[in-house]
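Please keep the structure in view while reading the numbered points.

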Amino acid sequence: MHQEESRTPSIEEVILYLEEHIQRDRHTLNGAPVITDTDKDITKTIEGRMLAYIEVKYFIERGGMG
């Protein structure tokens, strides 16, 4: 059985991941409120997640990691 080597993503890959998710959440929030198929409003959840991604990206870019 072949087992893939796990590797730690580079800082650049992490920043790209965060940026993609920030942009996706911004796009989703353009049509706020965000309502699920069970009529639950998850707008604040998406806003909170986006803000967390922004803060982590900011932390990394300011030299908090590496």
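1. The loop between α1 and α2 contains Asp-39. In this predicted model, Asp-39 has a positive phi of about 65°, although the residue is not a glycine. With a cut-off for exposed residues of over 50%, Asp-39 counts as exposed, because its relative accessibility is 67%.

2. Which residues of α1 are buried? They are Leu-18, His-21, Ile-22, Asp-25 and Leu-29. These residues lie on the same side of α1, because the arc they cover around the axis is only 105°. On the face turned away from the buried side, α1 carries the exposed residues Glu-12 and His-27.

3. Against what do the buried residues of α1 pack? Their partner is α2, which comprises residues 43-64. Ile-22 gives a specific example: leaving aside neighbours within four places in sequence, Ile-22 is in contact with Met-50, Tyr-53, Ile-54 and Lys-57.

4. The largest nonpolar core has eight residues in all: Leu-18, Ile-22, Leu-29, Val-34, Ile-46, Met-50, Tyr-53 and Ile-60. The elements that give two or more residues to this core are α1 and α2. The largest share, four residues, is that of α2. As a general matter, nonpolar side chains tend to be buried together in soluble globular proteins.

5. Is Lys-57 buried or exposed? Lys-57 is buried, because its relative accessible area is 15% and the cut-off for buried residues is under 20%. Not counting residues up to four places away in sequence, Lys-57 touches Ile-15, Leu-18, Glu-19 and Ile-22.

6. How many salt bridges does a search of the whole structure find? The search finds six. One of them involves Lys-57 and Glu-19, whose closest N and O atoms are 3.2 Å apart. Since Lys-57 lies in helix α2 and Glu-19 in helix α1, this pair ties together parts that are 38 residues apart in sequence. Glu-19 counts as partly exposed, at 27% relative accessibility.

7. Lys-57 also meets Glu-61 in a salt bridge between their side chains, at 3.1 Å from N to O. Because Lys-57 and Glu-61 are four residues apart in helix α2, they are separated by about one helical turn. Glu-61 is partly exposed, with a relative accessibility of 38%. Through salt bridges that share partners, Glu-19, Lys-57 and Glu-61 are joined into one network.

8. A further salt bridge joins the side chains of Glu-13 and Arg-7, with an N to O distance of 2.6 Å. Glu-13 is partly exposed, with a relative accessible area of 34%, whereas Arg-7 is exposed, at 57%.

9. The final point concerns aromatic rings. A pair of aromatic rings is described by the distance of the centres and the angle of the planes. The count for this structure comes to one aromatic pair. Tyr-17 and Tyr-53 form this pair, with 6.4 Å from centre to centre and 90° between the planes. The arrangement is edge-to-face, because planes over 60 degrees apart are assigned to that class. The pair links distant parts of the chain, with Tyr-17 in helix α1 and Tyr-53 in helix α2, 36 residues apart. Tyr-17 is partly exposed, with a relative accessible area of 42%, whereas Tyr-53 is buried, at 16%. Tyr-53 is also a member of the largest nonpolar core.

Key:
Residues numbered from 1 in each chain as written. Predicted model: local features only at pLDDT ≥ 70, side-chain atom pairs only at ≥ 80, totals over all residues. Heavy atoms only, no water. Buried < 20%, exposed > 50% of the residue type's maximum accessible area, 1.4 Å probe, protein only. Arc of directions from axis to C-beta. Contact = heavy atoms within 4.5 Å. Core = buried A, V, L, I, M, F, W, Y, C linked by side-chain atoms within 4.5 Å. Salt bridge = Lys/Arg side-chain N within 4 Å of Asp/Glu carboxyl O. Phe/Tyr/Trp six-rings, centres within 6.5 Å; stacked < 30°, edge-to-face > 60°.
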